[in-house]
Amino acid sequence: MSTTAPDPLATLGALPGVADAVDSVRKAVDRVYGHRVMRRRSNEVTAEAALRGARGSAVLSGADWNLEEVRRRTDFSGDDESQVIGAALRLTAEAGQLLSIWRQSPLRVLARLHLVAAGGAAPDEAVGRPRLSGEPVDEPLIEAPLPGANEVAGRLEGLSGLILAGSAAPALVTAAVVHGELLALRPFGSYNGLVARTAERIVLIGSGLDPKSICPAEVGHAEQGRAAYVAAFEGYLSGTPDGMAAWIAHCGRAVELGVRESTAVCEALQRGAA
């Protein structure tokens, strides 16, 4: 008698309230993709979404720069905030190049993302690989207990296995779990938040929910605020049905706010103001 292995991501998709969040996100994404500007100027919307998404992700990592300053600046080699902004910009530029690799080797993509984020700022031996036992982690926003190196390695393999196995779960659910698990593990010595949010972006693009990458969830995460982000993440850490559903709903709201941002960009382009 054959048995089918359970799909843990699909189980999360069945949690109370998650279906409503998924439906709301899908409708919002469909609306912005149907905007008339997307027929001829989608590349401009994508570029602007990348810039605004990078800025939003950097805000959550402690670098709250004005959008125009991010747009204007070309040198990000100075202080810590400059380096965070530079890392966020590099990651958003890299995300779309890694979709095919993600489907084959998520761990390889995560290593690449950390390498891109670090940009030579960390010791060579610590870049692009999960941290070893005793190595420090610089992630000031997340104060949850830090899993040990062995647990990190095991859970990364488990996360990779889930992605490679595929799931019937909606893209929002998979993206939220990838994002939450990477925040929980903080597998690298630095830039874990930026890497986690970029991985969420990759899932949303690669799943077909946002193939043109015009719905920057990072904008929405930042707009909801650092305190709300941490509170929702604590729900993920709890592992309870209510906590997991709250985290997924928070990520869904972030996508919707990203849609609102790009809709405003479309309206500005239509008026000839951007």
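User: Leaving aside neighbours within four places in sequence, with which residues is Leu110 in contact?

Analyst: The model is a predicted one. To read a contact list, one sets aside the sequence neighbours and looks at what remains. For Leu110, the partners are Trp102, Leu156, Leu182, Phe188, Val195 and Ala199. Leu110 also belongs to the largest nonpolar core, which has 89 residues. Within that core, Trp102, Leu110, Trp247 and Val255 touch the most other members.

User: How many helices and how many strands does the chain have?

Analyst: One begins with the inventory of secondary structure. Here the chain holds 13 helices and zero strands, and its pattern along the sequence is α-α-α-α-α-α-α-α-α-α-α-α-α. The radius of gyration is 18 Å, close to the 19 Å that the globule rule gives for 274 residues, so the chain is as compact as a globular protein of that length. Along its principal axes, the C-alpha trace spans about 60 × 50 × 35 Å.

User: What share of the residues in the chain is buried?

Analyst: Burial is judged by relative accessible area, and under 20% counts as buried. By that criterion, 52% of the 274 residues are buried. The accessible surface comes to about 12,500 Å², and carbon and sulfur atoms account for 52% of that surface.

User: Is Glu94 buried or exposed?

Analyst: The relative accessible area of Glu94 is 16%, and Glu94 is therefore buried, since the cut-off is under 20%. Glu94 sits in helix H5, which covers residues 80–95. Beyond its neighbours within four places in sequence, Glu94 contacts Arg112 and Val116.

User: Which residues does Glu48 contact, apart from its neighbours within four places in sequence?

Analyst: Glu48 is in contact with Leu67, Arg71 and Val265. Glu48 is part of helix H3 and counts as buried, at 14% relative accessibility. Glu48 and Ala168 are 120 residues apart along the chain, and their C-alpha atoms are separated by 31 Å.

User: Why is helix H11 described as largely enclosed by the rest of the structure?

Analyst: In H11, residues 217–224, six of the eight are buried, so the helix is largely enclosed by the rest of the structure. The buried residues are Ala217, Glu218, Val219, Gly220, His221 and Ala222. They pack against several helices, namely H3, H5, H9, H10, H12 and H13. Just after H11, Gly225 takes a positive phi of about 100°.

User: Which value of phi does Arg186 take?

Analyst: The general idea comes first: most residues other than glycine have a negative phi. Phi of Arg186 is near 45°, a positive value in a residue other than glycine. Arg186 lies in the loop between H9 and H10 and is buried, with a relative accessible area of 3%. Ser213 likewise has a positive phi, near 55°. Ser213 is in the loop between H10 and H11, and its relative accessible area of 12% makes it buried.

Methods: Residues numbered from 1 in each chain as written. Predicted model: local features only at pLDDT ≥ 70, side-chain atom pairs only at ≥ 80, totals over all residues. Heavy atoms only, no water. Helix = DSSP H or I, 4+ residues; strand = E, 2+ residues; numbered from the N terminus. Rg over C-alpha atoms; globule rule 2.2 N^0.38 Å. Buried < 20%, exposed > 50% of the residue type's maximum accessible area, 1.4 Å probe, protein only. Areas by Shrake-Rupley, 256 points an atom, 1.4 Å probe, with all protein chains shown as cover. Contact = heavy atoms within 4.5 Å. Core = buried A, V, L, I, M, F, W, Y, C linked by side-chain atoms within 4.5 Å.
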